[in-house]
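Thanks for coming, everyone. I would like to walk you slowly through a few places in this model, so please have the sequence and the structure open as I speak.

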Amino acid sequence: MSDYSKNDESEQSLSQTGEAAQTEPEAEISAVSPERPVRRLRWKWGLAVLVIGIAAMIIQWFRLAPDRTYQVFSVYMGIRNLVVGLLVWWMLISGVAWKTRFKGLLAAVLSFALFFAVVRVDGFEGDMVPRFQFRFLPTSEQRAVEYFENVKTADKPGLFKQPESEVNTPSASGDSAAGPQDWPGYRGAQRDGIAHDQQIRVDWETEPPKLLWKHPVGAGWGSFCVVGDRAFTQEQRGAEEVVVCYDAQTGKQLWVYADPVRFSETLGGDGPRATPTYRDGFLYTLGGTGILHSFEVFSGMEVWTRDLLKEEGLENLTWGMAGSPLIKDNLLIVNPGVRPSGSEKKNPSVLAIDLRTRKTAWVSGTRKSSYSSPQYAVLNGTPQVLIFHAKGLEGFALEDGRSLWFFPWTNQAGCNAAQPIPLDDSSVFLGAGYGQGSARIRITPSEEADQPADVKPEWKSLSLKLKFNCAVQQDGYVYGLDEGVLTCLDLETGKRQWKRGRYGYGQLLLVDQYLLILAEDGRVELVEANPEKYVQRGGFQAIEGQTWNHPALARGRLFVRNSEEAACYDLSPLTK
């Protein structure tokens, strides 16, 4: 073979070897080149967070039973913790691409914003469950303002004149004394929730309650004070807190007095809380911000006014001034606000005003006020005022306000709102919510005149946890709503007789041998005051909306209201 042939073969071999050398590394590089990792959702971690969060809420729910408020708040806390846990999992542990994580976070935020752009929180139930309403619908307060604007133009202008102030000698026309069948203030004449000297028809199937009138009203949790042909209450209408007088038979507004103030609180709702008090032709009202008024009832003229919080240098209570004024002899008695934080002065528990001079007669107590109203009682022969404040029940001498005795009965919230019930000349029933329960206490005078009386519980019970729902007593038994369920207790032993019927955080009164129950959803039911068993005799839907207000019964007419509407029904025994 020639040298040229050998060289050609060598060059060809080298060329092929070079190509192979170039191809093999490329193939090798291609074979070992790492592929882009596939991100997988670590869903098991998210599921674990979800299961643990829900399990924790369920455990807390049963642990805090039967107190619905604490249960609901535990759910709020559980939801917060669950959301935080899921957020940490999604952003730090989920394993998905960061772009996807931020997209998911943005979607969650936009969904939350969209929800609250469409609906609003329209108040809270008694157990603090929120009520939602579409934003495009008018609020109940807006409906009430619109209603009264229309009424104002349709009726006589004179009915809506602003009363004159600084009236020194108002004159009343007609009988100024409240009759036995009137309802002159909070829970009746004796503040016991009993319609004394009244009867109603009880066969509602053949003679159902007859609607006399119904219309919107402004916000507020007070009740009606009814004397003769006039019914009085307090409402919030926009930026004005008003005292209003209605014709009891027709519901027409007779006069209205407005203050440019507004009390607002997210959980408790807006508007005044107290019920007007009537005496001898004059009306006394306490607004949600502490403005105390006296009116001449027939004309609506203001007689005098005092701004209690401003005068005494006090701050308002968390849920507003709620105690209805008590009048005994020549004293008007209220439980005022609280001292500002850091103040060297102690909290006043009770304040008495001399109606003749309109000046403060005495201030007493050192414990923080709460939301119960002053209660008059004669215990061990001594006229006194019972104040159920934040720390317990205390008795003050009516004459000079000195503290006579104190019984600690409180809860974590420091909220005592139910009315104490004097049982005899030396014992009192009281109940509180937030898991506290009820008790019957015995007050024994001290042998030394300058020492407080001795107070001991005759029994204590976890039944009848009266959150802001008052009880009534008859023939040795007490009836009330225990976390929304009607309950009967034996007053001698504290033993529960029965517990039936769900009414939410409504209110009740006693007439003859029957309980008239105004449920939280606006239903009215008639139940026998029977210690042996629960017997429901009838019911009807009286008004719509959340109802915490006490019912009032006067001359056979049942007056009900809430923060949306008011109504009057004829329950008198004679068919009309």
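In this predicted model, the side chains of H293 and T305 are joined by a polar contact of 3.1 Å. H293 itself belongs to strand β10, which covers residues 291-296. Is H293 buried or exposed? Its relative accessibility is 3%, and because buried means under 20%, H293 counts as buried. If we leave aside residues up to four places away in sequence, H293 touches Y257, D259, L283, Y284, T285, E302, W304 and T305.

Let me turn now to a sheet. Four strands form an open sheet in the order β4-β5-β6-β7, and their pairing is antiparallel. The edge strands, each of which pairs on one side only, are β4 (225-227) and β7 (253-259), and from one strand to the next the twist averages 20 degrees. If you look at strand β6, residues 240-247, you will find that 6 bridges join it to β7, the two running antiparallel, and that V244 stands opposite V256 in β7.

My last stop is a helix. Helix α3, residues 68-93, has 26 residues, and from its first C-alpha to its last it reaches 36 Å, which is close to the 38 Å expected at 1.5 Å a residue. Which residues of α3 are buried? They are T69, Q71, V72, S74, G78, L82, W89 and M91, and what covers them includes α2 (43-63) and α4 (98-118). After α3 comes G95, whose phi is positive, near 90 degrees.

Note on methods. Residues numbered from 1 in each chain as written. Predicted model: local features only at pLDDT ≥ 70, side-chain atom pairs only at ≥ 80, totals over all residues. Heavy atoms only, no water. Expected span 1.5 Å × (residues − 1). Buried < 20%, exposed > 50% of the residue type's maximum accessible area, 1.4 Å probe, protein only. Contact = heavy atoms within 4.5 Å. Polar contact = N/O pair within 3.5 Å; in protein donor to acceptor, adjacent residues only side chain to side chain. Pairing = 2+ DSSP bridges. Axes fitted to C-alpha atoms, helices over the stretch in contact; angles between N-to-C directions.
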